[in-house]
Amino acid sequence: MKFQFPRLHCATIAIALLFAGAGSVLAAEAKLGSLMLEQPWARATPGQAKNGAAYLTIHNAGKADDRLLSAASDVAARVELHNHVNKDGVMQMRQVEAVAVPAGGMTTLKPGGLHVMLMGLKGPMKEGESFPLTLTFEQAGSTTVQVKVESVGSMGSMSGKAMEKMDHGGMDHGKSATTN
Ligand SMILES: [Cu+2]
């Protein structure tokens, strides 16, 4: 009877490595009470642009609703919370009093929707750089996150990077175990 070394062990290691890789994707997270602030990013601004915008996803794992009340940053003269509204077929930006983050839910600030408006930029936001943004919540309090500047055309890189990490190329390790 031929002895077969169980391959389960190798597969377990490969899966563990896969999760270790996935962890690095989520490195741009900050925890604040029961909130998770995920992947803060901004679009690079061309030349003399006076305004920019920052985005992120806010998860609320708590049992109470929370609200983002304000944002502040040194890179701009004024920072406001904005949404886009469709007025007679024209998309317009409107300042909002607060951004709701429901208990057990999440809110995503993204291009074409809710965003942190950076008005009166003190200089261009360059791809690859990052800048601090202080966010203040009604329940959770305030914290400062690092906003990563992505390319001008970026729609946010979360899903793309997560997909790259799903590569299963490393699953063949430890083949020789069966020949002993
Ligand atoms: Cu705006």
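Okay, housekeeping. Residues are numbered from 1 along each chain, as the sequence is written. Since the model is predicted, local features need pLDDT of at least 70 and side-chain atom pairs count only at pLDDT 80 or more, while totals for chains, interfaces and linings use all residues.

So, confidence. pLDDT is the predictor's confidence in each residue, on a scale from 0 to 100. The chain averages 80, and 71% of the residues score at least 70. Over residues 10-26 the pLDDT is below 50, and that stretch has twelve contacts in the model beyond near neighbours in sequence. By contact I mean two C-beta atoms, placed from the backbone, within 7 Å. Residues 158-180 also stay under 50, with 17 contacts beyond four places in sequence. Where pLDDT is low, the predicted coordinates should not be read in detail.

Now the layout. The chain has two helices and eleven strands. Those are DSSP runs, H or I of at least four residues for helices and E of at least two for strands, numbered from the N terminus. Reading from the N terminus, you get α-β-β-β-β-β-β-β-β-β-β-β-α. Of the contacts with a separation of 6 or more, 70% are between residues 24 or more positions apart.

On to the pairing; two strands pair if DSSP finds at least two bridges between them. Start with β1 (residues 29-32) and β2 (residues 35-43), which are antiparallel over four bridges. K31 sits opposite M36 in β2. The two strands make a hairpin with two residues between them, and G33 in the turn has a positive phi of about 60 degrees.

β5 and β6 are another hairpin, again with two residues between them, and here D88 in the turn has a positive phi of about 50 degrees. They pair antiparallel over six bridges, with V85 facing Q92 in β6. β5 is also joined to β9, antiparallel, by six bridges, and E80 has M117 in β9 as its bridge partner.

Then there's β10 with β11: antiparallel, eight bridges, and a hairpin with three residues between the strands. T136 stands opposite S142 there. What is the sense of the pairing between β2 and β11? Parallel, over three bridges, with R43 opposite E150 in β11.

Next, the inside. Buried residues make up 21% of the 180 in the chain. Buried means 20 or more other C-beta atoms within 10 Å of the residue's own, exposed means 12 or fewer, and partly exposed is in between, with C-beta atoms placed from the backbone. A nonpolar core is a set of buried Ala, Val, Leu, Ile, Met, Phe, Trp, Tyr and Cys residues joined through C-beta atoms within 7 Å. The largest one has 29 residues, and A42, A54 and V116 have the most contacts inside it. Elements giving two or more residues include β2, β4 (66-72) and β9 (115-121). β3 gives the most, with five. Leaving aside neighbours within four places in sequence, A42 touches G52, A53, A54, Y55, M125, V147 and V149.

Last stop, A98, in the loop between β6 (90-95) and β7 (99-101). Why is A98 classed as partly exposed? Because 13 other C-beta atoms lie within 10 Å. Its contacts, beyond four places in sequence, are R67, L68, L69 and L81. H82 is 16 residues away in sequence and 8.8 Å away in space, C-alpha to C-alpha.
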